[in-house]
Each structure stands twice: as structure tokens, then as C-alpha cells.
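Okay everyone, thanks for coming.

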Amino acid sequence: MVLEVAAKAAVGAPDLLGDCPFCQRVTLTLEEKKVPYKLHLINLSDKPKWFTEVNPEGKVPVVKFDDKWVPDSDVIVGIIEEKYPEPSLKTPPEFASVGSKILGSFVTFLKSKDPSDGSEQALLTELKALDEHLKAHGPYIAGEKVTAADLSLAPKLYHLKVALGHFKKWTVPADLAHYHKYTELLFSRESFVKTAPADEKYVIAGWEPKVNP
């Protein structure tokens, strides 16, 4: 059975896959589990009628399970794990929250206009913590195998790299060697290459209105 997935189309290019990290988390999970799926690209500035009818909140991603469209990537990934248990992508509970504060710290720093507000340091603290964790437990969050925590983090770390590089000319310090090895591993996985935004420029276009409102 082919699952139907509604995901964000690229800003200004409605026929191309867009930059939603939560959508990519879902498609990454499906790719890693080799679950066939059909993608519906949704232009969020001009949502199709059928989409708003089945999903009144209008958010992406949504996935159709048993004739019901289900929103929220946390819920979706949980259902996929339940329905398609092999290969297991469950993250051991003690590692489930590793890296979970990085997205918030990244967005705060990205939007910050005050170099002395501590937002850069807060992000560095989170990135260093991930680097230390990977040093002890790597190459992935739970060891040798990719799990759900990695698939949740990978798109966010890609956004961090592209958006901070573009808007702040900022890069993750080279001495966080385990972090860099980790992102290289993630970004080169076949599942990531297949599900990443069509081009970095769409990631930049997606963040532009948030950075310069």
C-alpha cells in the first residue's frame, strides 16, 4: 500500500520539494523503512481546496493512514513505527531528547540582531553537548545505527548550516569534530539526498521572512 504524504512545496517553485524540516523527517523515516509513498506538494501560499478540506488547520506534513489524514510529525512517525516495525528506528528512551534544544537555539540566534544577547553562546552550548554525546556514543545518537532521533535532527541541522551560513556568515566551529562527522554521515545518506529540499536557495527563501520580517 502506498502512503499519501502532503509536504511543503518550494517557495516560488510549487513543483519542487520545499524546505519543511518536519516534512523531511517523515519522508526520511519512510525512505529508511523502504515504505512506498506518494508525495503531494502543497503550495502553502495557495493551498489547494482538497487539502484544506481534509486538513482544516492547513499545516504540513500530513499523512493518510486508513482513509484519515493525520497531522504532526511526532504522531506520524510514531504511527509509521507501529505499522512498519522493520527495520526498527526506535531511539532508546535515554537518548530520545539528545539534540532536542538545538532547533530553538538556532532560530533564536538566526533572528537575533544583538550580538551580545547570548544567543550565539546558547547555540554553541547545545552543539557542544551534542558533540560530547557523539564522542561517547556515536557515530549516531544511539550508536552504530540510525534511529528516529537522528532523522528528526538531520533536517534541522541542514537548515542550521544553510541559514546561518547565508544570513550570518556563521559556521559550526571546526573543533566540534564529532558533530561534523555526524552531519557528513547524515547528509550523505541516500534517504537524505532523496528527501532534501530541491536546492539550498529554497531553505534561504523559507527563512527570509522570519529573519527579515
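So, Asp 67: you'll find this residue in the loop between strand 4 and strand 5. Keep in mind as we go that this is a predicted model. Now, is Asp 67 buried or exposed? Its relative accessibility is 70%, so Asp 67 counts as exposed. The backbone here is worth a look too: Asp 67 isn't a glycine, yet its phi is positive, at about 70°. Most residues other than glycine have a negative phi, which is why I'm pointing this one out.

What about the strands on either side? Strand 4 covers residues 62-65 and strand 5 covers residues 68-71; they run antiparallel, and four bridges join them.

In the loop between helix 2, residues 49-54, and strand 4, we find Pro 61. The peptide bond joining Val 60 and Pro 61 is cis, with omega at about 0°. There's another cis bond to show you, from Gly 138 to Pro 139, and there omega is near 10°. Pro 139 lies in the loop between helix 5 and helix 6, the latter being residues 148-167. Again, most peptide bonds are trans, so that's the reason for flagging these.

Since helix 5 has come up, how does helix 4 pack against it? Helix 4 is residues 102-111, helix 5 is residues 119-137, and they pack at an angle of about 155° with their axes 8 Å apart. That makes helix 4 roughly antiparallel to helix 5, because an angle over 145 degrees counts that way. Helix 4 passes helix 5 in a left-handed crossing. On the helix 4 side, the contact includes Phe 106 and Phe 109, and on the helix 5 side, Leu 123, Leu 127 and Leu 130 are among the residues taking part. Sorted by class, the contact has seven nonpolar, three polar and two charged residues.

Last stop: Lys 169, in the loop between helix 6 and helix 7, which is residues 177-187. Here's another residue other than glycine with a positive phi, near 50°. Lys 169 has 68% relative accessibility, so it counts as exposed.

That's my tour, thanks!

Note on methods:
Residues are numbered from 1 along each chain as its sequence is written. This is a predicted model: local features need pLDDT of at least 70, side-chain atom pairs count only at pLDDT 80 or more; totals for chains, interfaces and linings use all residues. Side-chain values use heavy atoms; hydrogens and water are left out. Axes are lines fitted to C-alpha atoms, for helices over the stretch in contact, and angles run from 0 to 180 degrees between N-to-C directions. Helices (H or I, at least four residues) and strands (E, at least two) are DSSP runs, numbered from the N terminus. Angles under 35 degrees count as roughly parallel, over 145 as roughly antiparallel, 65 to 115 as roughly perpendicular and the rest as oblique. A crossing is left-handed if the near helix is turned anticlockwise from the far one by less than a right angle, and right-handed if clockwise. Contact means heavy atoms within 4.5 Å. Ala, Val, Leu, Ile, Met, Phe, Trp, Tyr, Cys and Pro count as nonpolar, Asp, Glu, Lys and Arg as charged, and the others, Gly among them, as polar. Two strands pair if DSSP finds at least two bridges between them. Buried means under 20% relative accessible area, exposed over 50%, partly exposed in between (1.4 Å probe, protein chains only).
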